[in-house]
Every structure is written in C-alpha cells, then in structure tokens.
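Reader: I have not looked at this one before. Can we go through a few spots in it?
Author: Fine. Pick a spot and ask.

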Amino acid sequence: MKGLSFEIPNMQGKYLLDILEETNLKDMNWWIGGGESYKIQNNTLGDSLFSEEWEMDKIGGEKLHKLISQQEYYLIFCDLKGFPKNSDAKEVSTYEEFLESDCQFVLNLVDSSYTTIYSKNQMTIENLYTKAIILGYENVSYLEDEIDGNTTLIAF
C-alpha cells in the first residue's frame with residue numbers, strides 16, 4: 001500500500017485537522033502548494049485559509065495545526081506535503097520524486113471532495129483508512145501500484 005483515496009463531504013468543516021491528526025503534523029514542515037480553500041466567516045466564504053505568503057512555500061507543523069483547528073473552512077483544492085523538521089520542505093510533483101525525497105506525506109484534494117493521500121509510513125495509511133471509515137467518508141480505498149493511475153502529486 002502506498003496510500004489511500006476517499007471522498008470527504010462537500011461542505012465546510014475541519015477535514016484537514018481530521019486527516020492530519022493521524023500524522024506527526026506538529027513535528028513536520030509542510031509545503032503548501034497552490035490551492036483554493038477559504039475560512040468560514042459569518043456563515044459564508046471568507047478569507048483564504050492559507051495566506052498568499054504561504055502558498056507555494058512552507059509552514060511549520062505547529063502553525064499549520066493552529067490554522068486548521070481554530071475555525072471551520074471550505075476546501076476546493078488543497079496540496080500539502082509533509083517533511084521531517086530537519087529537512088527542507090519543497091514541491092514534489094511525481095510519485096517518483098516523492099519516493100526519492102525526504103517527503104513523508106502527501107495530501108491532494110480536488111473538487112472539494114476527492115482526496116488522495118500518499119505516505120511512507122504504513123501505519124499512517126492504515127490508521128487513516130480506519131478513521132476515514134469511522135468518519136463516514138465515501139469510496140475509501142487503498143492505493144496500490146497496480147491500481148493507482150496517478151502520475152502527478154499536484155492538486156491545482
């Protein structure tokens with residue numbers, strides 16, 4: 001197993017927190033690729049979840065945890081990659097680059113629901129699979145080399 005895929009509800013929530021809690025979120029540096037996600041303010045879409053200064057850049061795990069746990073948000077496209085704290089977070093655009101890099105975790109979300117995750121930690125994959133089932137996410141399945149047709153790890 002190299003990862004998993006599932007569909008989150010197409011609605012506001014704290015889905016990144018739900019998912020990333022199964023990683024070493026706070027103990028990693030995170031690359032934030034291009035995307036489109038908004039904070040919910042006054043029951044409507046507000047400011048961008050990720051400030052423009054962070055997009056296509058990195059953020060520490062403590063800061064990311066605080067950001068995704070404070071209030072609900074609406075995800076449209078999201079591209080996050082987790083690296084050990086002692087390594088430099090950077091763009092990883094293919095599965096081969098993922099395998100050859102220090103990157104430990106990839107989350108891509110497209111069209112507000114379709115989520116693909118890759119992890120070098122098998123326990124993380126198994127825990128996320130179980131959590132996705134418990135949370136009622138749809139179409140939860142493992143990604144294996146034979147059935148995974150993705151060639152890029154960029155969401156937007």
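Reader: Is Ser113 buried or exposed?
Author: Ser113 counts as buried, because its relative accessibility is 8% and the cut-off for buried is under 20%. This is a predicted model, so that value is computed from predicted coordinates.

Reader: Where is Ser113 in the chain?
Author: Ser113 sits in the loop between β7 and β8.

Reader: And what does Ser113 touch, leaving aside its neighbours within four places in sequence?
Author: With those neighbours set aside, Ser113 is in contact with Phe6, Glu7, Ile8, Pro9 and Asn10.

Reader: Phe6 is a ring residue. Which cluster is Phe6 in?
Author: Ring pairs join Phe6 with Tyr15 and Tyr137 in a cluster.

Reader: How many aromatic pairs does the structure hold?
Author: Seven. In one of them, the rings of Tyr15 and Tyr137 have centres 6.2 Å apart and planes at 65 degrees, so that pair is edge-to-face.

Reader: What does the pair of Tyr15 and Tyr137 tie together?
Author: Parts that are 122 residues apart in sequence, because Tyr15 belongs to helix α1 and Tyr137 to the loop between α4 and β9. Tyr15 is buried, with a relative accessible area of 10%. Tyr137 is buried too, with a relative accessible area of 8%.

Reader: How exposed are Tyr129 and Tyr142?
Author: Tyr129 is partly exposed, with a relative accessible area of 23%. Tyr142 also counts as partly exposed, at 24% relative accessibility.

Reader: Back to α4, then. How many residues does α4 have?
Author: Helix α4 has 13 residues, 122–134, and reaches 19 Å from its first C-alpha to its last, close to the 18 Å expected.

Reader: Which residues of α4 are buried?
Author: Thr124, Ile125, Leu128, Lys131 and Ala132 are buried in α4. They cover an arc of only 130 degrees around the axis, which puts them on the same side of α4.

Reader: What covers the buried residues of α4?
Author: The cover includes β1, α1, β7, β8 and β9. On the face turned away from the buried side, α4 carries the exposed residues Met123 and Ile134.

Reader: What happens at the start of α4, and just after α4?
Author: At the start, a side-chain oxygen of Asn121 comes to within 2.8 Å of the backbone nitrogen of Met123. Just after α4, Gly136 has a positive phi of about 80 degrees.

Reader: Which ring does the charged end of Lys2 sit over?
Author: The ring of Tyr95, with the charged end of Lys2 4.1 Å from the ring centre. Lys120 lies over the face of Phe98, at 5.0 Å from the ring centre.

Reader: Last topic, Pro84. Where is Pro84 found?
Author: Pro84 is in strand β6, residues 73–84. Pro84 counts as partly exposed, at 26% relative accessibility.

Reader: What is Pro84 in contact with, apart from neighbours within four places in sequence?
Author: Asn29, Asp102 and Gln104. The C-alpha atoms of Pro84 and Asp27 are separated by 7.0 Å, although the two residues are 57 residues apart along the chain.

Definitions and conventions:
Residues numbered from 1 in each chain as written. Predicted model: local features only at pLDDT ≥ 70, side-chain atom pairs only at ≥ 80, totals over all residues. Heavy atoms only, no water. Helix = DSSP H or I, 4+ residues; strand = E, 2+ residues; numbered from the N terminus. Expected span 1.5 Å × (residues − 1). Buried < 20%, exposed > 50% of the residue type's maximum accessible area, 1.4 Å probe, protein only. Arc of directions from axis to C-beta. Contact = heavy atoms within 4.5 Å. Polar contact = N/O pair within 3.5 Å; in protein donor to acceptor, adjacent residues only side chain to side chain. Phe/Tyr/Trp six-rings, centres within 6.5 Å; stacked < 30°, edge-to-face > 60°. Lys NZ or Arg CZ within 6 Å of the ring centre and 35° of its normal.
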